[in-house]
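User: I have just opened this entry and would like a guided tour. Could you take me through it step by step?
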Amino acid sequence: MNVLSYVLVYRKFFLVVFTLLVLLPLPIILRTKEAECAYTLFVIATFWLTEALPLSVTALLPGLMFPLFGIMPSKNVASAYFKDFHLLLIGVICLATSIEKWNLHKRIALRMVMTVGVNPAWLTLGFMSSTAFLSMWLSNTSTAAMVMPIVEAVAQQIISAEAEVEATQMTYFSGSTNHGLEIDESVNEHETNERKEKTIPVPGNDAGKNSSNMELEKIAAARTSSTMLNKSDDLKMIKCWWRRRQIEEDHVMCKLFSVEQNSGTGAKYRTKKDHMMCKLMCLCIAYSSTIGGLTTITGTSTNLIFAEHFNMRYPECRCINFGSWFMLSFPAAIIILFLSWIWLQWLFLGFNFKEMFKCGKTKTVKQKACAEVIKQEYQKLGPIRYQEIVTLVLFIVMALLWFSRDPGFVPGWSALFSKYPGFATDSTVALLIGLLFFLIPAKRLTKTTPTGEIVAFDYSPLITWKEFQSFMPWDIAILVGGGFALADGCEESGLSKWIGNKLSPLGSLPVWLIILISSLLVTSLTEVASNPATITLLLPILSSLAEAIQVNPLYILIPSTLCTSFAFLLPVANPPNAIVFSYGHLKVIDMVKAGLGVNIVGVAVVMLGMSTWIVTLFDLSTYPSWAPPISNATMP
């Protein structure tokens, strides 16, 4: 037992040593560059999947192993760790830093939710839409972390408001203020009624039973007095008593069966429906933050990795940019978001079209409470400030410059620099706007002179370098750089061509089946491995596969890249899942049931897109001229 506990404590160390030793015969026996690169690839893949070492540390291994095996010189490997992608990432993080520093993201989210209304179904869609929109420009993790406290406040406000209403109703029907059931005692003093009606007993509520019998006696006595009550009053009284009985029974059943205590957050659920509502809102935030990231190249790291890998491997294509990616992914993201909303709504609360689209309906207490808490959160922000306006303007300018650089259907502003085609990229725009955040003043810095006068001596920009550093995901930057180095090593050693040659028999399968298999493989793998590690590992292999079977590489790489983000099943699959799971409303089985449906929806929509609008955007039906020729693509 002591040995086992010792192994468990140092399991990561043993896994690293075991992996290196077990795979070592591969380069020793074969003694080829392909085998040596394959050894490096298998070691890195194992460490990425098991996280025996931190992902970024594992990403540094090509810089160590490729020079030792003679695959690439050290200076060439080092140059792969900083590419055009990193400049684009720096500019985007400057924007994200300013948005979060000045609370512009919170204002956008709350305003969008206030616009859609407070109906539970529409409220959920409002949260999903605002979260997805923010995730287009911010990281999925920061978006989920920002929106979840707002969602939690709304959910708890709804639960507490309903509890207060129920308590008020109970007091009204059983207390002295219940004038609807009061009867003049002077009338009842000389009139008696021998008939006593029985009531339906409620378990564990003797007090309620006795009070109900007393009310029935009063009703019966009152009915014998024609001078005091007419028929309409009698009916009103009985209806009032019956309503009271329903509330009492609901109250007791709630106590007996529907009160749950969550040890993680201390949140109480009055009914099962309240618990389902909390689960629904949590999953909506997790999934919409991931779905929104699909829409733009900068929305998630997997999109950036794909764009950089593709542009490096196929430099003559020049077909993947911000505008083209948005046109192919935006329809898919909208459809996936809408179908996911329907699926989650039906799974947890049911989907009542009649209630959703009923016009002129009076707002319930739940809806009023929800609207109030959202309004209060928005009012806390105060009027929009100068810093928010400037950030919003720069944000719009950046998006417009990205879209208009090379839209494809009309000449973009990059045509102004026709002497240097392809020199200005999306990273050029990101850097231009990013530098402005360090230049534009946000507020003046003042000091008090010895005479007591307050004077300005400097100004503070929209963001500072220290603030930028706290937001910059250096681990992702190193991880992506390691992926680029690994891809370069596979090309230099000939491993990519060898893999493509071995996969060429798959060309006998229908193209749609190859796409489906690769999409399902990526979707399954990304549930247990990080998204950046998964796409970095598979892109060189899938590119070689496409070249070997003479299929447009975009036909396989685009759906595989989109499916890499479909990590919906487990809390550990991606950071947004872990964030919402930490609030304690969900169990793993809840996420598995909901995520499985969203995964199916996502893969189905991607397959639909590949056969409809995406095909027309890139002409995927033929093998392109910018891809390697047939003789080179299949060379062993």
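**A guided conversation**

Analyst: Let us begin with a loop. Asp619 is found in the loop between α30 (613–618) and α31 (630–633). The model is a predicted one.

User: What is the phi of Asp619?

Analyst: Asp619 has a positive phi of about 50°, although the residue is not a glycine.

User: Let me step back. How many helices and strands does the protein have?

Analyst: There are 31 helices and four strands in the protein.

User: And what share of the residues is buried?

Analyst: Of the 636 residues in the protein, 50% are buried.

User: What about contacts between residues 24 or more positions apart?

Analyst: Such residues account for 76% of the contacts in the protein with a separation of 6 or more.

User: Where is Gly481 found?

Analyst: Gly481 belongs to helix α23, which covers residues 474–493. Its relative accessibility is 0%, so Gly481 counts as buried.

User: Which residues is Gly481 in contact with, leaving aside its neighbours within four places in sequence?

Analyst: With those neighbours set aside, Gly481 is in contact with Ala80, Tyr81 and His86.

User: Now to charged pairs. How many salt bridges does a search of the whole structure find?

Analyst: The search finds six salt bridges. As background, side chains of opposite charge can pair when their charged atoms come close.

User: What does Glu388 form a salt bridge with?

Analyst: Glu388 forms a salt bridge with Arg107, and the closest N and O atoms are 2.7 Å apart. Glu388 lies in helix α20 (residues 386–405) and Arg107 in helix α9 (residues 104–116), so this pair ties together parts that are 281 residues apart in sequence.

User: Are Glu388 and Arg107 buried or exposed?

Analyst: Glu388 counts as buried, at 1% relative accessibility. Arg107 is buried as well, with a relative accessible area of 8%.

User: Which residues are linked in a network of salt bridges?

Analyst: The network links Arg107, Arg385 and Glu388.

User: What about Lys279?

Analyst: Lys279 pairs with Asp590 in a salt bridge whose closest N and O atoms are 3.1 Å apart. This pair links distant parts of the chain, with Lys279 in helix α15 (residues 272–293) and Asp590 in helix α29 (residues 588–610), 311 residues apart. Both Lys279 and Asp590 are buried.

User: And where do Lys33 and Glu36 lie?

Analyst: Both lie in helix α4 (residues 33–50), three residues apart, which is about one turn of the helix. Lys33 forms a salt bridge with Glu36, with the closest N and O atoms 3.7 Å apart. Lys33 counts as partly exposed at 38% relative accessibility, whereas Glu36 is buried with a relative accessible area of 14%.

User: A change of topic: at what angle do α10 and α17 pack?

Analyst: Helix α10 (residues 120–135) and helix α17 (residues 322–348) pack at an angle of about 140°, and their axes are 11 Å apart. The two helices are therefore oblique to each other. The crossing of α10 past α17 is right-handed.

User: Which residues make the contact?

Analyst: Helix α10 contributes Ala121, Trp122, Thr124, Leu125, Met128, Ser129 and Ala132, and α17 contributes Leu337, Ser340, Trp341 and Gln345. By class, the contact of α10 with α17 has seven nonpolar, four polar and no charged residues.

User: How do α8 and α21 cross?

Analyst: The axes of helix α8 (residues 84–101) and helix α21 (residues 426–439) cross at roughly 40° and come within 8 Å. Here α8 passes α21 in a left-handed crossing. Residues making the contact include Leu87, Gly91 and Leu95 of α8 and Ala430, Gly434 and Phe438 of α21. The contact of α8 with α21 divides into ten nonpolar, four polar and two charged residues.

Conventions
Residues numbered from 1 in each chain as written. Predicted model: local features only at pLDDT ≥ 70, side-chain atom pairs only at ≥ 80, totals over all residues. Heavy atoms only, no water. Salt bridge = Lys/Arg side-chain N within 4 Å of Asp/Glu carboxyl O. Buried < 20%, exposed > 50% of the residue type's maximum accessible area, 1.4 Å probe, protein only. Axes fitted to C-alpha atoms, helices over the stretch in contact; angles between N-to-C directions. Parallel < 35°, antiparallel > 145°, perpendicular 65-115°, else oblique. Left-handed = near helix turned anticlockwise from the far one by under 90°. Contact = heavy atoms within 4.5 Å. Nonpolar A, V, L, I, M, F, W, Y, C, P; charged D, E, K, R; others polar.
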